[in-house]
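Student: I would like to work through this model with you. Please show me the sequence and the structure before we start.

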Amino acid sequence: MADFKYKRVLLKLSGEHLAGDQGYGIDPSVIKGLAQQIKTIKEQSDVEIAITVGGGNIFRGMAASTEGMDRSQADYIGMLATVMNALALQEVLERLDVYTRVQSAIDMQAVAETYIRRRAIRHLEKGRVVIFAAGTGNPYFTTDTTAALRACEINADVFIKATKVDGVYDSDPKQNPEAKRFDHISYLDVLTQGLAIMDSTAISLCMDNNLPLIVLSLDPPDTMLRALQGAPVGTVVS
């Protein structure tokens with residue numbers, strides 16, 4: 001097996017990522033490709049992988065609240081959307097013989113385990129992929145904050161945030177062709193420059209706990225594998 005820089009990783013996937021080009025719902029080809037990437041990493045290493053999924057491809061709580069829906073109620077609906085995404089990802093991974101556990105912050109024992117930190121760590125130690133769903137179980141917290149929290153709780157060596165662009169830029173590269181990509185940037189600079197890679201709560205949580213973050217695109221398919229080996233891909237925030 002090749003040398004890997006990180007032993008335990010928390011991967012944050014947005015709901016939009018699972019939707020692919022269709023913009024909503026779950027794109028089977030996207031989720032299958034993602035599952036294959038995870039399977040490849042498990043086959044080539046003993047890296048422990050945890051995943052936090054968003055739900056924006058199904059329902060966006062903050063968007064609904066701006067239209068008049070009660071924010072707490074909207075956020076709870078969004079949390080349930082993340083459970084659907086987690087179960088879909090689990091199903092595809094299991095078909096590829098990658099053993100998984102879905103842990104939900106909201107009790108729903110018929111489809112997922114209730115989140116228990118020590119149990120999650122034990123699953124990781126046994127080589128299972130753990131998928132965290134339903135956010136923190138509380139409204140007003142984003143799935144980015146959930147991912148940062150879970151990464152700290154399981155003592156992850158690195159937090160990887162998968163985006164549609166290949167790193168952190170000083171402006172939106174889709175609108176500004178002259179945007180500069182950072183190879184490395186500090187958490188403090190992210191906050192002071194207002195770089196919207198995650199909400200400020202998630203950034204502060206990573207910064208306060210010295211948790212390195214890698215922002216990258218999962219295209220090409222070996223990007224995450226190379227990042228875990230320590231290759232210079234994406235942007236490292238530390």
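Student: In which loop does Asp97 lie?

Tutor: First, the ground rules: this is a predicted model, where local features need pLDDT of at least 70, side-chain atom pairs count only at pLDDT 80 or more, and totals for chains, interfaces and linings use all residues. Residues are numbered from 1 along each chain as its sequence is written, and side-chain values use heavy atoms, with hydrogens and water left out. Helices (H or I, at least four residues) and strands (E, at least two) are DSSP runs, numbered from the N terminus. On that numbering, Asp97 lies in the loop between α4 and β3 (100-104).

Student: Is Asp97 buried or exposed?

Tutor: Buried means under 20% relative accessible area, exposed over 50%, and partly exposed in between (1.4 Å probe, protein chains only). Asp97 has a relative accessible area of 62%, so Asp97 is exposed.  Its phi is positive, about 65°, although Asp97 is not a glycine. The class asked for is exposed.

Student: And Ala134, buried or exposed?

Tutor: Ala134 sits in the loop between β5 and α6. Its phi is near 65°, a positive value in a residue other than glycine. Its relative accessibility is 0%, so Ala134 counts as buried.

Student: What is the strand order in the open sheet?

Tutor: Two strands pair if DSSP finds at least two bridges between them. The sheet is open, has 9 strands and shows mixed pairing. Its order is β4-β3-β5-β2-β1-β6-β10-β11-β9.

Student: Which strands stand at the edges?

Tutor: An edge strand here has a single partner strand, so one side is left without a neighbour in the sheet. The strands in that position are β4 (113-114) and β9 (184-185).

Student: Which residue is the bridge partner of Ile51 in β5?

Tutor: β2 and β5 run parallel and are joined by 3 bridges. β2 also pairs with β1 in the parallel sense, over 6 bridges, and there Leu13 stands opposite Val53. In β5, the partner of Ile51 is Ile131.

Student: Where is Ile214, and what is its relative accessible area?

Tutor: Ile214 has its place in strand β10. Residues it touches include Tyr6, Phe159, Ile160 and Ala227, not counting those up to four places away in sequence. Ile214 is buried, with a relative accessible area of 4%.

Student: What is the volume of the largest pocket?

Tutor: On a 1 Å grid over the protein atoms alone, a pocket is an open set of points where a 1.4 Å probe fits, with protein on both sides within 12 Å along at least five of seven lines; lining residues have an atom within 4 Å of a point. Of 45 lining residues, Ser14, Glu16, Arg60, Asp144 and Lys161 are the closest to the centre. Grid points are joined across faces, edges and corners, and a volume is the space filled by probe spheres set on the points. For the largest pocket that volume is about 1,100 Å³.

Student: Which helix gives the most to the lining of the second largest pocket?

Tutor: This pocket has 16 lining residues, with His17, Val30, Gln37, Leu218 and Asp219 nearest its centre. α1 and α2 each supply at least two residues of the lining. The most, 5 residues, come from α2.

Notes:
Contact means heavy atoms within 4.5 Å.
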